[in-house]
Structure formats: structure tokens, C-alpha cells
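Please prepare a short briefing on the structure shown below, arranged by topic.

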Amino acid sequence: GAGVFVRSLTKVGLVLVAVIAAFAGYYGNKILGSKPPEIAPGQEVTPELAQEAIGALFGPFPPEFIVPTGFQRHEPVKSANEPDNSIPTQPLSKWEELKPGHQVDVPEWPEAVGKYYIQRLTENTWWILADLFAVTLYVGEFEALIIDMPEFMFMEELFSNIDDILDGKPLTTLVYSHPHTDHIGAAQRFYDHQQALGIEVKIIGTQRTIREMDRYQMPLPRPNVVVGDGRARFEFDDKEFIYASVVDWAHTGADAYVITPDGVLTVVDIFYGNRLPLHDYSGVQNMNGWVQIMRHMAGEDWHVANIGHVNVAHRKGLLRSLEYTSDIYDAWFRVAPKYWDRNFFPHGAVGESYVATFLRNLFDKIAFEVALELKPKWGHLPHWTLAHDHAMKVQWDLFLNYRYKDEPEIRPSFEPIPPNR
């Protein structure tokens, strides 16, 4: 009776205290401006002082129901926004060319395994999407070329869908956009299939491509037509193509973009036209390299892009991705200095906390605040729920490479880089 009632009240009281503490910690943290108490050199760091410092520095993350549009730390992330309706969409057509500035009416997910979505981009160039991966097909006067050969591409399916486009012309050349097996994993199947037909296959890449394929022991054919690093050119069917491998590291150690003679850009796993970036910027290995290759493409002359997934893209989408990333960098330069000072180091003395866990919480806190700053401008776009990931990815580049407290004016440029002709 009375004992049970008292225990129930105690439980309710504990729950209320926990809820009040969570809100007080969160809003108190906001009011305090996340400024921990200073710890003088040689001062004893008591558990109480350390707890006060950590609470002021990080605070508990707010309860999930007041976290705007996601930023979940452990729960599965859900899509929060509708597709971007600012880009005009054209019905899919194998024969009608895509109108300037339009994207293609294709579903987010394939309607069936092995279903092909094919859109003519120009008189000579087609965009082909199958099982989430997109390739570029260029048909010249005498022969044809294809950029990439994704792992789920099978030759019978491929040729049954493009034989009418080829119209008897041999598909002689495969160009590698970058050495990742999801995008070139069927290269050996393609090579063997064409060689069996008596077609001598040319595979185009750079020494960087070969180096990265060797690094990961890829059981795939290496380029047998090697173009130079930098902004190079190659000839195909009496026409000139641009093959630009302009950075050492971005998404991989051998990223390239290809521009056809009719102005179609192919660059894979670098940007999206109708949404914010993939989580972790598609697994980019070097954010500075990503910024540089984006700046180079912004300075090139092209009018529609195959980005390797989802849909086609245009210059507007590339520039928007650059602007979004520039805003992350600028927000980070405002937020991070508040949380990096030698006075913070003793705050890790809470319980048995290690330096690594302190840094993880610090990075989470900074990325969270950066994402919140971006929400008014960018929170309406698809992939917005990944903004914490984007801020976290940028953070490593900035944290390690820039003196953001002492020389905050030194930061990356996001201006287009015109090609050296």
C-alpha cells in the first residue's frame, strides 16, 4: 500500500528530475553559450569542477523530439524532405534529346532488377541508368565509347538495351571515371565479351588509375590507353575528348571528369544536382581535393552531367553544392574556435573518460551546431538529415589543416578555376 505508493512517487520524481535536467542542461547550455569555467594552471580538477565544465561545454543533446529534422546520433536516419521541385523534369525518352536545364523523370529506386532507363542527351550521347548506377554512351560516326561499367551490369542485358542505339557500330572503348569496383566492377566481363567478338577493346585511364587499382589488387583490366595527369585530351572517332585528373586525392586517388565533344560532363560520386551530398560526401578521402575538382568543373564549358547515380545534373546543381559546402566551412570557422582551447583539456577528467571520447563529443557538438546554423538556408532540400555527417566530414579537414583561431582569414577558395587551354 503506502510503500508501493511511495516507490511510485519516487520513480515519477526521478523521471521528472531527469526530464528537467535534460531541458535545463540543453537550454542552460544555450544560455551559457557553451563556455566552460576556466581552469588555472596547476588548479586541482575536482570531479565537481570537471562535471560542470563538461556540462557547459557539451550539455546533453536535446531530447529527440526537439532535434530539428533528424541529426539522430544512433537511430536510423529517415528522409525528411520532398524532392527538389525547382528543376524542370522531362519524360524519359530514348530518342528525344533532353531539353536544356531539365532532369529526367525516373524513379528514385529501380522498378525491377536489371531495368534500364535510357535518355538521349545530345545527338551523339546517351545517359543510361540501371540498378542505381549510371553510365555515359557516346556513339560516333564509326564506333562507340562507354564511360564506366558498373558491377551489376551484364552484357546480355546491356546490349539488348543499346543495340538499336549502336545501329551496328562496334563498342570499342571503355573509359574509367575512377577506380571503384561498384562503377567499373563489370569491366572484365565487358572486355571478355567484346574480345570474343573480335573487338580490340581500348580502356582509357591514367597512371593514377593503375596505381589505385594495383593498391587494392583489383581483378579488373588496367587501362591500355594511358593519358597524362592533369587536364589531358584523347581522340576518339576523330573527335577530341577532355579527360581531366586534376587532383591527387578527392573521392579516390584517381578521380577524373570526362567531357565529350558535345558538352556532356561525366563525373562520378562527386556531387548531386537535385539534392545535398551523400553521407560523408560519398566517402570522400580528401575534402580539399573535393573542393578543387569541383572548382575545376565549375570553370569548364559543359551543359549537362552524368553524375553516376540518381539523375542528370546541371551547372546550377554543381554551384549549389559548392555554395553549401562553403557555408559549412564558414559556419565551422565561427563555431569551432569556441570549443578549442588548452583550458578545455583538463575537462576530460570526468570519470574514466579518454581523450578519444572527449574529442568525439567535441566533434559531435561542433558538427551539430554547424548543422543548426545551416538549417534556415538549406533545411528544405533532400539529404538535409545528413547535414551532421557533412559537417563532421568537413571538420577533419579544417581541424587538422587550418589555424582557424589565429589566422581565420586563411581558408579554402570556392571560386571556379578556368581551364588552362
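Which residues line the second largest cavity? They are Pro 107, Glu 108, Trp 109, Pro 110, Tyr 117, Leu 129, Ala 130, Asp 131 and Leu 132. The model is predicted, so local features need pLDDT of at least 70 and side-chain atom pairs count only at pLDDT 80 or more, while totals for chains, interfaces and linings use all residues. Residues are numbered from 1 along each chain as its sequence is written, and side-chain values use heavy atoms, with hydrogens and water left out.

**Overall architecture**

- The protein has 11 helices and 15 strands; helices (H or I, at least four residues) and strands (E, at least two) are DSSP runs, numbered from the N terminus.
- Of its 421 residues, 52% count as buried, where buried means under 20% relative accessible area, exposed over 50% and partly exposed in between (1.4 Å probe, protein chains only).
- Among contacts (heavy atoms within 4.5 Å) with a separation of 6 or more, 67% join residues 24 or more positions apart.

- On a 1 Å grid over the protein atoms alone, a cavity is a set of points where a 1.4 Å probe fits but cannot get out, whereas a pocket is an open set with protein on both sides within 12 Å along at least five of seven lines; lining residues have an atom within 4 Å of a point.
- Grid points are joined across faces, edges and corners, and a volume is the space filled by probe spheres set on the points.
- The largest pocket has a volume of about 540 Å³; of the 26 residues that line this pocket, Pro 83, Glu 108, Arg 275, Pro 382 and His 383 are the closest to its centre.
- Strand β2 (residues 103-105) gives the most to the lining of the largest pocket, with 3 residues.

**Helix α3**

- Helix α3 (residues 155-166) spans only 14 Å between its end C-alpha atoms, whereas a straight helix of 12 residues would span 16 Å at 1.5 Å a residue; the expected span is 1.5 Å times one less than the number of residues.
- The buried residues of α3 are Met 155, Leu 158, Phe 159, Ile 162, Ile 165 and Leu 166.
- These residues lie on the same side of α3 because they cover an arc of only 110° around the axis, the arc being that of the directions from the helix axis to the C-beta atoms.
- Glu 156 and Ser 160, on the other side of α3, are exposed.
- The buried residues of α3 pack against β3 (116-120), β4 (125-130), β5 (133-139), β6 (144-147), β7 (171-175) and α5 (187-196).
- Asp 167 follows α3 and has a positive phi, near 50°.

**Individual residues**

- Thr 266 lies in strand β13 (residues 264-266) and is buried, with a relative accessible area of 1%.
- The side chain of Thr 266 makes a polar contact with the side chain of Thr 136 (2.7 Å); a polar contact is a pair of N or O atoms within 3.5 Å, and within protein one must be able to donate a hydrogen and the other to accept it, with residues adjacent in sequence counting only if both atoms are side-chain atoms.
- Leu 132, in the loop between β4 and β5, is partly exposed at 35% relative accessibility and has a positive phi, near 80°.
- Ser 282, in helix α7 (residues 280-283), has a positive phi, near 60°, and is buried, with a relative accessible area of 11%.
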